[in-house]
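Hi everyone, thanks for making time today.

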Amino acid sequence: MALLVLVALASIAIGAKSLPLGDVWHGLFHDSGTYADVVVGDRISRTVLGLLAGAALGLSGAVLQALTRNPSRTPASSASTPVPPPPSSPRSRTSVSHR
């Protein structure tokens with residue numbers, strides 16, 4: 001969550017004219033009408049729209065996986081647990097002698 005906040009602040013600070021994080025912080029909480037405050041106000045909409053688009057994509061992916069019953073991670077797909085190879089023939093499983 002802290003990384004998300006840091007990236008959101010960086011998104012507001014980076015643009016055609018870079019702003020120091022102190023000016024971004026000041027522009028978020030104190031409106032004094034300076035150039036930095038106006039720029040921060042304009043960049044907030046871009047950042048919020050990006051966050052909402054990312055959340056919508058994540059939610060749509062989760063819904064799609066739930067509807068298709070496709071788990072995002074299974075032991076077979078992640079290779080985190082060894083999966084034995086399939087037997088080569090039915091006789092190789094167990095040999096039982098019939099007398």
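First, some ground rules. This is a predicted model, where local features need pLDDT of at least 70 and side-chain atom pairs count only at pLDDT 80 or more, while totals for chains, interfaces and linings use all residues. Residues are numbered from 1 along each chain as its sequence is written, and side-chain values use heavy atoms, with hydrogens and water left out.

How confident is the predictor in the protein chain? The average pLDDT is 77, and 75% of the residues score at least 70; pLDDT, by the way, is the predictor's confidence in each residue, from 0 to 100. Confidence is highest in helix α3, at 87, and lowest in helix α4, residues 75-78, at a mean of 58. Where pLDDT is low, the predicted coordinates should not be read in detail.

Now the overall picture. The protein chain has four helices and zero strands, and from the N terminus on its elements run α-α-α-α. Helices here are DSSP runs of H or I with at least four residues, strands are runs of E with at least two, and both are numbered from the N terminus.

Of the 99 residues in the protein chain, 13% are buried. Buried means under 20% relative accessible area, exposed means over 50%, and partly exposed is in between, using a 1.4 Å probe and protein chains only. The protein chain exposes about 8100 Å², with carbon and sulfur atoms supplying 66% of that area. These areas come from the Shrake-Rupley method with a 1.4 Å probe, and for residues only the protein chains shown count as cover.

Contacts come next, and contact means heavy atoms within 4.5 Å. Among contacts in the protein chain with a separation of 6 or more, 36% are between residues 24 or more positions apart.

Let's turn to the helix pairs. At what angle do the axes of α1 and α2 cross? Helix α1, residues 2-13, and α2 cross at roughly 95 degrees, and their axes come within 9 Å. That makes α1 roughly perpendicular to α2. For the wording: angles under 35 degrees count as roughly parallel, over 145 as roughly antiparallel, 65 to 115 as roughly perpendicular, and the rest as oblique. The axes are lines fitted to C-alpha atoms, for helices over the stretch in contact, and the angles run from 0 to 180 degrees between N-to-C directions.

On the α1 side we find Leu9, Ile12 and Ala13, which meet Leu21, Val24 and Leu28 in α2. By class, this contact has six nonpolar residues, no polar and no charged. Ala, Val, Leu, Ile, Met, Phe, Trp, Tyr, Cys and Pro count as nonpolar, Asp, Glu, Lys and Arg as charged, and the others, Gly among them, as polar.

Helix α2, residues 21-29, also packs with helix α3, residues 35-68, at an angle of about 75 degrees and with the axes 8 Å apart. That makes α2 roughly perpendicular to α3. Asp23, Val24, His26, Gly27 and Leu28 of α2 make the contact with Ala36, Asp37, Val40 and Ile44 of α3. This contact of α2 with α3 divides into five nonpolar, two polar and two charged residues.

Now for some single residues. Is threonine 47 buried or exposed? With a relative accessible area of 8%, threonine 47 is buried. Threonine 47 lies in helix α3 and touches Ala8, Ser11 and Ile12, not counting residues up to four places away in sequence. Alanine 8, in helix α1, is buried as well, at 17%. Between alanine 8 and isoleucine 44 there are 8.9 Å, C-alpha to C-alpha, although they are 36 residues apart in sequence.

Last stop: the loop between α1 and α2. Isoleucine 14 sits in this loop and is exposed, with a relative accessible area of 54%. Leaving aside neighbours within four places in sequence, isoleucine 14 is in contact with Arg43 and Arg46. Lysine 17 is found in the loop too and is partly exposed, at 44%.
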